[in-house]
Amino acid sequence: MSETIAFKPESLAQVHKIMARYPEGRQKSALLPVLHLAQKEFGGWLDVPVMDYVAELLSIKPIEVYEVATFYTMFNMKPVGKYVLEVCRTGPCMVCGSEKILDHIRTKLNIKDGQTTEDGMFTLKPAECLGACGYAPMLQLGKFFHENLTIEKVDEILDLCREGQIALD
């Protein structure tokens with residue numbers, strides 16, 4: 001028997017607060033922030049039952065949630081590690097060595113793009129333009145950018161993650 005999906009009371013109150021920002025009949029406008037809350041609360045990813053629950057809360061069709069959740073790379077459609085390494089691979093980052101950074105992470109963690117390490121610690125997620133072109137190559141970890149990357153800086157970041165010294169929020 002599956003668990004009932006429901007936000008914790010404080011999260012549900014936050015959902016209602018977000019929905020109240022928008023006029024009657026425009027609750028779909030709350031979708032992005034509500035999906036962020038859902039992803040955070042329900043294990044770091046959005047499975048179909050969670051997206052259906054969000055659709056029900058917002059009184060919209062499930063397909064409207066799926067379209068948005070699958071379009072934006074900030075939403076995870078499968079389980080991810082504790083640390084999601086989003087490495088920018090757009091032009092400026094590529095010119096400055098992001099492919100070398102990606103190759104190093106792939107080798108060091110023994111994973112491919114989109115995979116999670118066996119211990120569930122890291123997921124590698126190549127990204128398109130994270131908007132820090134002047135500080136390339138870069139990666140996003142949680143809500144923080146790590147810029148002007150070198151192999152040594154990447155190794156330091158991975159070590160700090162393993163030690164639990166990197167904050168995500």
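This is a predicted model: local features need pLDDT of at least 70, side-chain atom pairs count only at pLDDT 80 or more; totals for chains, interfaces and linings use all residues.
Student: Why are helix 1 and helix 2 called roughly antiparallel?

Tutor: Helix 1 (residues 9-19) and helix 2 pack at an angle of about 170°, with their axes 10 Å apart. Angles over 145 degrees count as roughly antiparallel. The two helices are therefore described as roughly antiparallel to each other.

Student: Which residues meet where helix 1 packs on helix 2?

Tutor: Ser11, Gln14, Val15 and Ile18 in helix 1 meet Pro33, Val34, Leu37 and Glu41 in helix 2. By class, this contact of helix 1 with helix 2 has 5 nonpolar, 2 polar and 1 charged residues.

Student: What makes the packing of helix 2 and helix 4 roughly perpendicular?

Tutor: Helix 2 and helix 4 pack at an angle of about 75°, and their axes are 11 Å apart. The range for roughly perpendicular is 65 to 115 degrees. Helix 2 and helix 4 therefore count as roughly perpendicular to each other. Leu31, Leu32 and Leu35 of helix 2 make the contact with Glu64, Val65, Val68 and Ala69 of helix 4. The residues of the contact of helix 2 with helix 4 divide into 6 nonpolar, no polar and 1 charged.

Student: Which residues have the most contacts inside the largest nonpolar core?

Tutor: They are Leu31, Val34, Leu35, Leu46, Val54, Leu58 and Val65, in a core of 22 residues. Helix 1, helix 2, helix 3 and helix 4 (62-71) are the elements that give two or more residues to this core. Helix 3 gives the most, with 7 residues. For Val54, leaving aside neighbours within four places in sequence, the contacts are Leu31, Val34, Leu35, Ala38 and Val65. A second, separate core has 19 residues, including Leu102, Met121, Leu139 and Leu149.

Student: How many aromatic pairs does a search of the whole structure find?

Tutor: The search finds 5 aromatic pairs. In one of these pairs, the rings of Phe42 and Tyr53 have their centres 6.3 Å apart and their planes at 90°.

Student: Is Pro126, at 16% relative accessibility, buried or exposed?

Tutor: The cut-off for buried is under 20%. At 16%, Pro126 therefore counts as buried. Pro126 is found in strand 2 (residues 122-127). Leaving aside neighbours within four places in sequence, Pro126 is in contact with Val87, Arg89, Leu102, Asp113 and Gly114.

Student: Why does Asn148 count as partly exposed, whereas Ser59 counts as exposed?

Tutor: Exposed means over 50% relative accessible area, and partly exposed lies between that and the buried limit of under 20%. Asn148 is at 38% and so counts as partly exposed. Ser59 has 58% and is therefore exposed.

Student: Where are Ser59 and Asn148 located?

Tutor: Ser59 lies in the loop between helix 3 and helix 4. Asn148 is found in the loop between strand 4 (144-146) and helix 7 (151-162). Ser59 has a positive phi of about 55° although it is not a glycine. Asn148 has a positive phi of about 50°, and Asn148 is not a glycine either.

Student: Which omega value belongs to the peptide bond from Ala136 to Pro137?

Tutor: Omega is near -10°, and the bond is cis. Pro137 is found in the loop between strand 2 and strand 3 (139-141).

Note on methods:
Residues are numbered from 1 along each chain as its sequence is written. Side-chain values use heavy atoms; hydrogens and water are left out. Rings of Phe, Tyr and Trp (its six-membered ring) pair if their centres lie within 6.5 Å; planes under 30 degrees apart count as stacked, over 60 as edge-to-face and the rest as tilted. Axes are lines fitted to C-alpha atoms, for helices over the stretch in contact, and angles run from 0 to 180 degrees between N-to-C directions. Helices (H or I, at least four residues) and strands (E, at least two) are DSSP runs, numbered from the N terminus. Angles under 35 degrees count as roughly parallel, over 145 as roughly antiparallel, 65 to 115 as roughly perpendicular and the rest as oblique. Contact means heavy atoms within 4.5 Å. Ala, Val, Leu, Ile, Met, Phe, Trp, Tyr, Cys and Pro count as nonpolar, Asp, Glu, Lys and Arg as charged, and the others, Gly among them, as polar. A nonpolar core is a set of buried Ala, Val, Leu, Ile, Met, Phe, Trp, Tyr and Cys residues joined through side-chain atoms within 4.5 Å. Buried means under 20% relative accessible area, exposed over 50%, partly exposed in between (1.4 Å probe, protein chains only).
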